[in-house]
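Try each task before you read its solution.

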Amino acid sequence: MNDTKKIGRPRSFVEAEALEAAMNVFWAKGYDGTSMKDLTAAMGISGPSLYSTFGDKRGLYLKTIDLYADVDGCAPVVAYEAEPDITKAVRDFLTTVVTYSTQQEGGPKGCFLASCVATTVGEVEGVAERMESAIKATDQRLALKFEREVKLGNLPQDFPALHRGRLLNDLRQGYVHRSRAGWSAEALLEDLEDRVQMVLSWA
C-alpha cells in the first residue's frame, strides 16, 4: 500500500505580481470594460487558477483595491514621510504626485482610486467602504507628520493638522484630474510654491 500523500502542483505564478497585473487591466479598461479573458491574459494564469486563488471578477477587483490602497506603498506618501523638513516634505509629496500622474512609463497614469475605483462606488458591492477607508487612512498619515511638527515647534500649536492633511490629499486628486485632461508636468508645477504655502500657512 502506498501511503504517500499527493503533493499539489506548485503555482506557476507569483500572486502579488498577478494581482498587480489585474489592477493595471482594471485601471486601463475600467471594471465593466474588463473581461475575464483580459485578466487571465494579463495575469498569465488560467481561468480555474484565477477563480481558485482570487475568486470571481468582483473578488479580484476588491483585492486590487486593497493592494493599491496600502498607504505604505504610496510613492507620494513615502516621499513625504522620508523628508525631515516639513516644507520640503509637502513639496516632495506634490512633485511626486505630478511625476506619477504625467511621466509613468509602461502603465496607467494618475490614481487608480480616482480614475477607476471611484466610478464603481454604488455599483460594485464592497467598493464604497474601501474608498472611504483608503481616503481616511491617507488623511491620517499626512496629518500625523503635521502633528509631529507641531510637537517639535516647527508649526504653530493650533495648526489644523487633520484639515491640512485632507487638503494635501485633495490637492493630489486635483493634480491627477488635470493630468488626465492632458496637462503637462510643467503646467501643473507652475503654482507649486503657492500650493505648498497654502498647505502650511496658518494665521
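**Exercise 1. Find how many salt bridges there are, then work out what the R141 pair joins.**

Start with the count: there are 6 salt bridges, each being a side-chain nitrogen of Lys or Arg within 4 Å of a carboxyl oxygen of Asp or Glu. Before going further, keep in mind that this is a predicted model, in which local features need pLDDT of at least 70, side-chain atom pairs count only at pLDDT 80 or more, and totals for chains, interfaces and linings use all residues. Residues are numbered from 1 along each chain as its sequence is written, and side-chain values use heavy atoms, with hydrogens and water left out.

Step 1. Look for the partner of R141: it is E81, and their closest N and O atoms are 2.7 Å apart.

Step 2. Helices here are DSSP runs (H or I, at least four residues), numbered from the N terminus, while strands are E runs of at least two.

Step 3. Check the exposure, where buried means under 20% relative accessible area, exposed over 50%, and partly exposed in between (1.4 Å probe, protein chains only). R141 is partly exposed at 23%, and E81 is also partly exposed, at 32%.

**Exercise 2. Take the salt bridges K136 to E132 and R195 to D191, and describe where their residues lie or how exposed they are.**

Step 1. K136 and E132 meet through their side chains at 2.9 Å, N to O. Both are in helix α8, 4 residues apart, which is about one turn of the helix. E132 counts as partly exposed because its relative accessibility is 43%.

Step 2. R195 and D191 form their salt bridge at 3.1 Å, N to O. Here R195 is buried, with a relative accessible area of 15%, whereas D191 is partly exposed at 28%.

**Exercise 3. Which residues touch the most other members of the largest nonpolar core?**

Step 1. Set the rule: a nonpolar core is a set of buried Ala, Val, Leu, Ile, Met, Phe, Trp, Tyr and Cys residues joined through side-chain atoms within 4.5 Å.

Step 2. The largest core has 54 residues, and M43, Y61 and F146 touch the most other members. Helix α1 (residues 15-29) gives the largest share of this core, 8 residues. Domain 1 (15-70) and domain 2 (73-200) each supply at least three residues, with bounds taken from an automatic or database domain assignment.

Step 3. Zoom in on M43: beyond its neighbours within four places in sequence, M43 contacts A18, A21, A22, L50, F54 and L60.

**Exercise 4. Compare L19, L192 and E125: are they buried or exposed?**

Step 1. L19, in helix α1, counts as buried at 11% relative accessibility. Its C-alpha atom is 6.2 Å from that of T64, 45 residues away along the chain. Leaving aside neighbours within four places, L19 touches F54, L60, K63, T64 and L67.

Step 2. L192 sits in helix α11 (residues 192-200) and is buried at 8%. L94 is 98 residues from L192 in sequence, yet their C-alpha atoms are 7.7 Å apart. With neighbours within four places set aside, the contacts of L192 are R91, L94, T95 and Y175.

Step 3. E125 lies in the loop between α7 (112-115) and α8, and is exposed with a relative accessible area of 62%. Not counting residues up to four places away in sequence, E125 touches R58 and L62; the C-alpha atoms of E125 and L62 are 9.0 Å apart.

Key: Contact = heavy atoms within 4.5 Å.
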